[in-house]
Amino acid sequence: MTDLVPFSGRTLSEAASELGEGPTFDPGTGTAWWFNITGRELHELHLESGRKAIHPLPFLGSVLAVIDPLRQLIASDQGLFVRDTESSKLGHFATLEEKPGNRSNDGRVHPCGALWIGTMGRSAEKHAGAIYHVAGSRVTKLYSNITIPNAICFSPDGATAYFTDTDVNQLMRVDIDPATALPTGDPVLLSDESTSPGGVDGAVCDADGLIWNARWGASAVEVYKPDGQKVARYAVPATQPSCPAFVGAKAERLLVTSAWQGMDDAARAADPHAGKTFELGFEVKGRFEPTFRL
């Protein structure tokens with residue numbers, strides 16, 4: 001078992017989200033973005049100034065991708081939308097699936113500009129979700145019968161994708177075409193975490209190919225080599241960390257969202273930082289999230 005490194009970072013946002021998720025960073029504006037999915041909120045934090053804003057949403061948003069300085073792509077329970085960054089106006093872009101009981105969950109943009117995005121039942125119904133590939137407005141289903149899609153991220157060379165179904169708790173890898181982000185083979189097991197505490201949640205892949213994974217229920221971010229070997233565990237001061245993202249001028253900082261979803265009053269009292277957003281207290285070799293290509 002890899003030793004747990006104590007938390008030495010700081011709280012970036014005291015706003016406690018029921019389901020903080022989907023963090024990303026726009027280096028063009030120096031702004032971190034994330035969602036409170038169930039609260040229908042988009043959170044905005046300018047890192048240098050500390051200026052914070054919370055934007056209400058008309059849907060359950062979960063993933064944001066930068067298109068250009070004036071536009072963002074948002075994945076939600078009602079499909080994909082383009083958001084105007086100046087007016088906050090939303091325009092429908094594409095439909096993911098015709099399942100009113102589902103919502104979007106985890107996703108990331110591949111270096112080629114395509115998006116992988118997962119869906120799930122609003123109450124995590126078994127096998128209700130899927131993982132999709134979005135290239136422009138073309139949506140292609142990649143994997144069906146997913147319960148809780150998570151850990152979607154890509155190797156630096158764009159030739160490997162990682163993902164999990166948190167309900168199964170096995171981190172998977174699959175070879176993909178670097179030019180299109182479409183699979184060229186079948187998924188294979190990278191790390192079986194089905195007997196380990198907590199759940200494999202959101203993940204991001206750094207410049208060295210290491211996979212940084214938020215461990216829901218285990219108060220940690222865990223780090224894997226591309227061969228599946230776990231090499232580090234870093235404590236997070238909340239029981240349910242949900243997703244990491246590289247932020248900062250050189251993508252050298254690691255932001256982590258968390259959640260208080262499913263906690264009763266006693267559990268929340270015992271976990272006073274649940275739902276807050278944190279920064280781990282050391283430098284990483286991160287990469288900026290690619291922009292989504294229309």
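Which helix holds Ala267? Ala267 is found in helix α1, residues 265-270.

The structure is a predicted model, in which local features need pLDDT of at least 70, side-chain atom pairs count only at pLDDT 80 or more, and totals for chains, interfaces and linings use all residues. Residues are numbered from 1 along each chain as its sequence is written, and side-chain values use heavy atoms, with hydrogens and water left out.

**Overall form**

The secondary structure comes to one helix and 25 strands; helices (H or I, at least four residues) and strands (E, at least two) are DSSP runs numbered from the N terminus. The C-alpha trace spans about 45 × 40 × 40 Å along its principal axes. For 294 residues a compact globule would have a radius of gyration near 19 Å, and the 17 Å of the protein agrees with this. That radius is taken over C-alpha atoms, and the globule rule is 2.2 Å times the number of residues to the power 0.38.

Of the contacts with a separation of 6 or more, 46% join residues 24 or more positions apart; contact means heavy atoms within 4.5 Å. Buried residues make up 55% of the 294 residues, where buried means under 20% relative accessible area, exposed over 50% and partly exposed in between (1.4 Å probe, protein chains only).

**Core**

The largest nonpolar core has 16 residues, and those with the most contacts inside it include Leu73, Leu80, Ile117 and Phe292. Such a core is a set of buried Ala, Val, Leu, Ile, Met, Phe, Trp, Tyr and Cys residues joined through side-chain atoms within 4.5 Å.

Leaving aside residues up to four places away in sequence, Phe292 touches Ala65, Val66, Ile67, Leu73, Phe93, Val109, Gly113, Leu115, Val134 and Gly136.

**Two individual residues**

His46 lies in strand β5, residues 41-46. His46 counts as buried because its relative accessibility is 16%. Residues up to four places away in sequence not counted, His46 touches Thr29, Gly30, Thr31 and Arg51.

Ala267, in helix α1, counts as partly exposed because its relative accessibility is 29%. Ala267 and Ala245 are 22 residues apart along the chain, and their C-alpha atoms are separated by 26 Å.
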